[in-house]
Amino acid sequence: MTVSKDDAIAHIPPSASFAQAAALSEGGHYALSNIRAAKVSSGQEVMIYGATGAIGSAAVQIAKHFGAKVTAVANTKNIELIGSLGADKVIDYQTQDFTKTEKRFDFIFNAVGKSSFGACKPLLKTKGIYISTELGKNGVNIWRSITTPFFGGKRLMFPLPQTKKEDLVLLGELFEKGAFKPVIDLSYKLDQIVEAYHYVESGHKTGNVVLQIVSE
Ligand SMILES: NC(=O)c1ccc[n+]([C@@H]2O[C@H](COP(=O)([O-])OP(=O)(O)OC[C@H]3O[C@@H](n4cnc5c(N)ncnc54)[C@H](OP(=O)(O)O)[C@@H]3O)[C@@H](O)[C@H]2O)c1
């Protein structure tokens, strides 16, 4: 494979393993792309729903890097993990209804696609932004991303993720600084690829699943 030097390639951070480097650029690039689209800035209140996925666990850390106050919604078994990633508040979706929180948010990032704009809208501030990683029922998120800006209030965005060299470089720098640690759940060898897919398709992995092409 040939790639232009100006394309989205960067050196693996010196202290990263191949597995960490792969995980770093996977969920990290989707998270960063959406956080940039929402123009997250210092002091903003941000909710990450589905904070234990590859994208969600990266989003918690990257939103913190941009200075946001992060409320993460996650499963009981991962409350401690998400706290260790820097979330200011964690809501356990198995014991609490996250829509009942008193807090209001500048940005809600639905990183698992399981809730909806309708459910999250009351939690948004007047000019709050909602982004989901999924299209929504019948592709509703595409239509709402076109219509909600006309009303001038709470807005649904559906940005197309772009893979940029500068983003990979930033993710590498954050890794080296210890500001972004990609969460790795399990690693599989190449001949276990079927098992790996089954696990990923369960929708319950924590962070990233890595396929080891060569032994490190
Ligand atoms: N990774 C990618 O390359 C990629 C690219 C484009 C789009 N997407 C989409 O982005 C979404 C996230 O993908 P991902 O790879 O980061 O993670 P994922 O494998 O879809 O995992 C999602 C995480 O959300 C948690 N979760 C499940 N049900 C939940 C609920 N009701 N409330 C809160 N959390 C819940 C799961 O943990 P527990 O069930 O244990 O709580 C899991 O850790 C998916 O919808 C995927 O289709 C992914």
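Residues are numbered from 1 along each chain as its sequence is written, and side-chain values use heavy atoms, with hydrogens and water left out. Because the model is predicted, local features need pLDDT of at least 70 and side-chain atom pairs count only at pLDDT 80 or more, whereas totals for chains, interfaces and linings use all residues.

View 1. The largest pocket has a volume of about 600 Å³, where a pocket is an open set of points on a 1 Å grid over the protein atoms alone at which a 1.4 Å probe fits, with protein on both sides within 12 Å along at least five of seven lines, and the volume is the space filled by probe spheres set on points joined across faces, edges and corners. Its lining (residues with an atom within 4 Å of a point) comprises 26 residues, and G50, G53, A111, V112 and G203 are those nearest the pocket centre. Ten of the lining residues are nonpolar, eleven polar and five charged, with Ala, Val, Leu, Ile, Met, Phe, Trp, Tyr, Cys and Pro counted as nonpolar, Asp, Glu, Lys and Arg as charged, and the others, Gly among them, as polar. At least two lining residues come from each of α1 (18-37), α2 (54-65) and β2 (69-74), helices being DSSP runs of H or I with at least four residues and strands runs of E with at least two, numbered from the N terminus.

**View 2. Surroundings of the ligand.** The ligand is surrounded by 19 residues, of which E26, K77, E134, H204 and K205 are the closest; a residue is near when one of its heavy atoms lies within 4 Å. Among the polar contacts (pairs of N or O atoms within 3.5 Å; within protein, one must be able to donate a hydrogen and the other to accept it, and residues adjacent in sequence count only if both atoms are side-chain atoms), a polar side-chain atom of T52 lies 2.7 Å from a ligand oxygen atom. A side-chain N or O atom of K77 is likewise 2.7 Å from an oxygen atom of the ligand, while for V112 a backbone N or O atom lies 3.3 Å from a ligand oxygen atom.

**View 3. H29 in helix α1.** H29, which lies in helix α1, is buried at a relative accessible area of 10%, buried meaning under 20%, exposed over 50% and partly exposed in between (1.4 Å probe, protein chains only). Leaving aside residues up to four places away in sequence, H29 touches L24, P161, Q162, T163 and L171, contact meaning heavy atoms within 4.5 Å.

**View 4. D185 in strand β7.** D185 belongs to strand β7 (residues 184-189) and counts as partly exposed at 25% relative accessibility. A polar side-chain atom of D185 lies 2.8 Å from the backbone nitrogen of T206.
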